[in-house]
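Please find below my note on the structure under review.

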Amino acid sequence: NGATNSVTVYFDPWSGRPPLDTKEPVAQYFPSGYYISSVVILLLGMLISVLFILFNIRYHRMRAVQLSGPALNVVMACGSIGIYASYFWHIFDGRFFKVSDTTALASCYLRSISSDLGFSMFYATVVVKTWRIRLVLVKQRERQKQKP
């Protein structure tokens, strides 16, 4: 149907510099279908993360789940939900419908906080899991050296 949403760009997205021909903001348009399809993909990602949390809670006594660290798995899934949720704050920044300046500013802060917190939770969990694997491998190597 040709519905579009505008995005105000103050710089050239490829070079990162202001456009050479003007210092005025450049309105770029993209079809609403792109936004809708990306929201559907994000909702699927959030659903998979929630199912992953529920699986870890339900089967936390299974040996395979215990070895993977169910508590760390839940933190990792919560971090990914935070990253996914940060995209939804774009709805309230004034590009899709009229909002007050306070709402747009709050949207900007919430988007930044949720993405940063989500990434920090996810990345910290990956580092801790990597450290745990390293400890297991070091202990295994020490045991092999002790055997004659």
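**Notes on the predicted model**

1. Helix α4 (residues 101-146) has 46 residues and, at 1.5 Å a residue, should span 68 Å; the end C-alpha atoms of α4 are 67 Å apart, which agrees. The expected span is 1.5 Å times one less than the number of residues in the helix.

2. This is a predicted model, in which local features need pLDDT of at least 70, side-chain atom pairs count only at pLDDT 80 or more, and totals for chains, interfaces and linings use all residues. Residues are numbered from 1 along each chain as its sequence is written, and side-chain values use heavy atoms, with hydrogens and water left out.

3. The protein contains four helices and two strands, in the sequence order β-β-α-α-α-α. Helices (H or I, at least four residues) and strands (E, at least two) are DSSP runs numbered from the N terminus.

4. Of the 148 residues in the protein, 24% are buried. The accessible surface (Shrake-Rupley method, 1.4 Å probe; for residues, only the protein chains shown count as cover) is about 11200 Å², with 67% belonging to carbon and sulfur atoms.

5. Among contacts (heavy atoms within 4.5 Å) with a separation of 6 or more, 61% are between residues 24 or more positions apart.

6. Zero disulfides (pairs of cysteine sulfur atoms within 2.5 Å) are found in a search of the whole structure. C78 is partly exposed at 33% relative accessible area, and C108 is partly exposed at 38%.

Conventions
Buried < 20%, exposed > 50% of the residue type's maximum accessible area, 1.4 Å probe, protein only.
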